[in-house]
Amino acid sequence: MQITKIPVSIYRFYKEGMLSIFVARKSEIPALNGLRAFAILLILFLHLWEGLLKKGLVDVPFILERLFNSCHSAIEIFYALSGYLIYGGLISAKEKNPAKPIDFKKFYINRTLRIFPAYYFFIFITYGIIFLQKLLFEKKFALGEK
């Protein structure tokens, strides 16, 4: 069995994809990235809020409940901004070299490597929240409350 070296292109995709989330790109608009990050936080809050509310673990005034439930609009904001920013990246790549076609294979590999770290971080946070909700749920019902 012969051991082969990792192709240089895999290292390049790793560097351009996963490590690029920590580097600001010239084509990115920082304010829109910030707004997208804020939308992500609202979505995480919405999921936490719905979990606590549906299980009856929190009681809040009607106005706060309506305010928290309005976080659903953050989902639309996130998708609209993501589509705009991703499309803008494709357009800027095409404007740099109009004669060269866009390499969609490279594009999708870079998107995948860029999304995976955030995805696994989200999974980690979600399981932490579920664990805390489970503890609150067990504590509430262990005390005999309904």
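E138 is partly exposed, with a relative accessible area of 40%. In this predicted model, E138 forms a salt bridge with K134, and their closest N and O atoms lie 3.2 Å apart. The count of salt bridges comes to one. Side chains of opposite charge can pair when their charged atoms come close. K134 and E138 are four residues apart in helix 5, and therefore about one helical turn separates them. K134 is also partly exposed, at 46% relative accessibility.

| Residue | Relative accessibility | Class |
|---|---|---|
| K134 | 46% | partly exposed |
| E138 | 40% | partly exposed |
| I115 | 45% | partly exposed |

Helix 5 runs over residues 104–142, which is 39 residues. From its first C-alpha to its last, helix 5 reaches 55 Å, close to the 57 Å expected at 1.5 Å a residue. At the start of helix 5, a side-chain oxygen of D103 comes to within 3.4 Å of the backbone nitrogen of K105. Further along, helix 5 has a kink of about 30 degrees at F116, shortly before the proline P117.

F116 also belongs to a nonpolar patch on the surface, together with I115, Y119 and Y120. The accessible area of these residues together is about 430 Å². I115 is found in helix 5 and counts as partly exposed at 45% relative accessibility.

The buried residues of helix 5 are F107, N110, L113, R114, Q133 and K140.

Notes
Residues numbered from 1 in each chain as written. Predicted model: local features only at pLDDT ≥ 70, side-chain atom pairs only at ≥ 80, totals over all residues. Heavy atoms only, no water. Helix = DSSP H or I, 4+ residues; strand = E, 2+ residues; numbered from the N terminus. Expected span 1.5 Å × (residues − 1). Bend = angle between axes of the 7 residues up to and from the residue. Buried < 20%, exposed > 50% of the residue type's maximum accessible area, 1.4 Å probe, protein only. Polar contact = N/O pair within 3.5 Å; in protein donor to acceptor, adjacent residues only side chain to side chain. Salt bridge = Lys/Arg side-chain N within 4 Å of Asp/Glu carboxyl O. Patch = residues over 30% accessible without salt bridge, like charges linked within 9 Å, V, L, I, M, F, W, Y side chains within 5 Å. Areas by Shrake-Rupley, 256 points an atom, 1.4 Å probe, with all protein chains shown as cover.
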